[in-house]
Each structure stands twice: as C-alpha cells, then as structure tokens.
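Visitor: I am new to this model. Please show me how to read it, one feature at a time.

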Amino acid sequence: MSSYPHLLSTVRVGALTLPNRVVMAPMTRSRATNPERAPFELHAEYYRQRAGAGLLITEATSVSPQGVGYVHTPGIWSDAQQAGWRLVTDAVHAAGGRIALQLWHVGRVSHSSLQPDGALPVSSSSVAFEGQVMRADYRMAPVETPRALATEEIAGVVRDFAEGARRAKEAGFDAVEIHGANSYLIDQFLRDGVNQRTDAYGGSIANRCRFALEVVDAVIAVWGPGRVGLRLSPTSPWNGMRDSDPVALYTHLAQELAKRELAYVHVNEAHSSATPEGLPPAVLPAIRAAYPGTIIAATGYTAALAERAIAAGETDLVAFGVPYIANPDLAERFAVDAPIAAADAKTFYVGGEKGFTDYPAFAAQA
C-alpha cells in the first residue's frame, strides 16, 4: 500500500474527476521561442510526459500582447497560439491526462520593450517596485513606473481574459485557471501596497476585489464555474507586493468566490513548516474557513506534508512545482515511494529540450 493514500485518492473537482490529488503547478519555462509566442511539438511532449498528475496546470499564458512580461513565454490571443496549444491538449489527452490553461496578465512586471508600440506597462496604479526586469533583448533594466489603467480601460482587459478563455476552450483544455497571484495584474488590484486608486476599483476591500471578480465572472460566462479556478498568493512579497490586512482581504474574496462555486481556489503560500521569516501568518486557514469548495495548496510541500495536510482537511489537493521539472512521473513515483530527482536550476529557462523534456521517468532508470 502506498504511503500516501489520501494524496493518491480520486477526487471530484468541479466538473472534473481526477485520479489523484497531485497537481502540477504552473511554471514559467520560456520555451515559446518562435515569433508567434506559440507552443509547438516540444511543449506537447513536455506536458504529455507529466500526464500522470491528477491535473496539469500550464505555464502562465498571456491573454494579450499588453499582458506579456518575459521573453519566450506563450500567449493565447492568436490563431497560431491556439493551434499550438491544441497540440498540447491532444498529447495530454492521448496519454490519459487532464490539463488547465493558466490565463495571465503581468501588469507592471514588464518592460516597455516588450509592450505594443513601446508603451509603458500598465497596473492598478502608477506605483513602481524596486529591482530590475528583463527587456526584449534579454538584458536587465531598471523597473519602469507603470501607467495606471483608466477606469474605462478595465473592461477591455476583462474582455481579454474572456477571449483567452474562449480560445482555451477551442484549443481543447479541460479547464482554465485565472492567475491572480505572484505580483501580476490581478494581484496589483487586490493588495493595497500597490492599489492606490480612488475609483470603484480602489480603496475598500470590496472595491479592490472588483477587478478579480469581474474577470472570474467573465471567464465563468465562457466555461461555467465547474471548470474555472483562481490562483492567489496572499502573503507573497515578490516584486514589492504587500497588503495591510491580508486575512480580511482574502476572507472577503473567498466569500465572494464561494457564491460562484468555482472548480477550485489555488492558494500559493509557503507551507507553515517552510514559511520564511518576516512573512505574515498564513492566510490559507482563513480562506479554508470562508470557502467551502475545493482548495489546492502549493509551495514547500513534500509528499509527506501533502498527505498530512489532506488527511487533516487543511486542503483538498496539493500542487508541486519544481519537483515536476526533474520528475515527469512525480505522481507515479509517490505511488511506489521512488526517489525524487533534483532539478537543475541553470536549465529552467534556457530554451530547447535540455532541462525540459530530457529528464527520464523512474521506470526508464530502473
């Protein structure tokens, strides 16, 4: 019998029935090296290799040219991109897997060289963060102060998410996940460390949640709630993110999401055993209390920690990121207590097969 009976048990997630509770977390891999930013056969092989996960969540995928912030990340706004993603979904389904596309707009985490017509990146407010970002020529540059989206522009961004969701459906995905985490545009509206707006999208917690909920509602209109997830990172300080009261903010958001009966809420927050010093207390318990639906937890989990968290009712599924890079058969390894290989960080974003599709399955090594 496996050491992880809860982690490896079947589960119903919205409209999907999953064979296990092991989720492959979304991870930027920067392999869309063609001018169209379209996935191709290499991506199909990468995701096919990992089809044993209960659910695969793709790398973050920009819903518009304005939403791009990195070199060689894929999109879902064009016919070429949609066709490329169809290669991926066909390969995953042929291998018996299930896959969700993560819909993304980076907001201020971009550079004008990556933006249409060299425009400034946009955000909820004209608030920059300290650090550097990558330019289109691969060189690092100081962060630019973003342009605050005008109130009348926001509906257009919401439509971009809806159009990305429509194309994802046409490309054969089983679900979509809205990226509301990790310092990107939705996160920039949610947290008051960035959002300094004075219109209907700023100020109160309800106003700061408005954009996120409008995106959720627009995507639900395309897919239905049972195939839509939302990823959040309540305490991540990355790229200068912070909030004065994350428990109150995310409790309110979770209560609103509960009314919409999403497939799941995906909470990216370091496990309590691995929480870095200086971070506020975990918000996952407050979200769990406010949201009666399915929760996916992520960051810092081992199989053993995931097993205990699921058994204790702290979460329903657990997402694994970096372990899935070097272990394409991670769920299968958990089932037989096989060794977990280490990933080479130097090859995370280099392009091509190396560090992407060349990690062997455990059975191939035995």
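Guide: Start with the polar contact: a pair of N or O atoms within 3.5 Å. Within protein, one atom must be able to donate a hydrogen and the other to accept it, and residues adjacent in sequence count only if both atoms are side-chain atoms. Here, a polar atom of the S124 side chain lies 2.7 Å from the backbone oxygen of Q188.

Visitor: What kind of model is this?

Guide: It is a predicted model, where local features need pLDDT of at least 70, side-chain atom pairs count only at pLDDT 80 or more, and totals for chains, interfaces and linings use all residues. Residues are numbered from 1 along each chain as its sequence is written, and side-chain values use heavy atoms, with hydrogens and water left out.

Visitor: Where is the place of S124?

Guide: Elements come from DSSP runs, numbered from the N terminus: helices are H or I, at least four residues, and strands are E, at least two. S124 sits in the loop between β6 (122-123) and β7 (132-134).

Visitor: Where does R108 lie?

Guide: Look in the loop between β5 (99-104) and β6. R108 has a relative accessible area of 1%, so it is buried. Its side chain reaches the backbone oxygen of V127 at 2.7 Å. Leaving aside neighbours within four places in sequence, R108 has contacts that include P121, F129, P146, Q188, N239 and M241. From R108 to S233, the C-alpha atoms are 17 Å apart in space, and the two residues are 125 apart in sequence.

Visitor: At what angle do helix α1 and helix α2 pack?

Guide: For α1 (residues 41-49) and α2 (residues 79-94), the angle is about 30°, and the axes are 8 Å apart. That makes α1 roughly parallel to α2. The cut-offs are under 35 degrees for roughly parallel, over 145 for roughly antiparallel and 65 to 115 for roughly perpendicular; the rest are oblique.

Visitor: In which crossing does α1 pass α2?

Guide: If the near helix is turned clockwise from the far one by less than a right angle, the crossing is right-handed; if anticlockwise, left-handed. α1 passes α2 in a right-handed crossing. E41, H43, A44, Y47 and R48 of α1 meet W85, L87, V88, A91 and V92 of α2. By class, that contact has seven nonpolar, one polar and two charged residues. Ala, Val, Leu, Ile, Met, Phe, Trp, Tyr, Cys and Pro count as nonpolar; Asp, Glu, Lys and Arg as charged; the others, Gly among them, as polar.

Visitor: How do helix α6 and helix α7 pack?

Guide: Their angle is about 15°, with axes 11 Å apart, for α6 (residues 210-223) and α7 (residues 246-260). α6 and α7 are therefore roughly parallel. The crossing is right-handed. L213, V216, D217 and I220 of α6 make the contact with L253, E256, L257 and R260 of α7. Five of these residues are nonpolar, none polar and three charged.

Visitor: Which residues of helix α9 are buried?

Guide: In α9 (residues 303-311), they are A303, L305, A306, E307, A309 and I310. They pack against β14 (317-320) and α11 (330-336). G313 follows α9, and its phi is positive, near 80°.

Visitor: What is phi of N239, a residue other than glycine?

Guide: Phi of N239 is positive, near 55°. N239 lies in the loop between β11 (228-232) and α7. It is buried, at 15% relative accessible area. E261, not a glycine, has a positive phi of about 55°. E261 is in the loop between α7 and β12 (264-268). At 61% relative accessible area, E261 is exposed.

Conventions: Axes fitted to C-alpha atoms, helices over the stretch in contact; angles between N-to-C directions. Contact = heavy atoms within 4.5 Å. Buried < 20%, exposed > 50% of the residue type's maximum accessible area, 1.4 Å probe, protein only.
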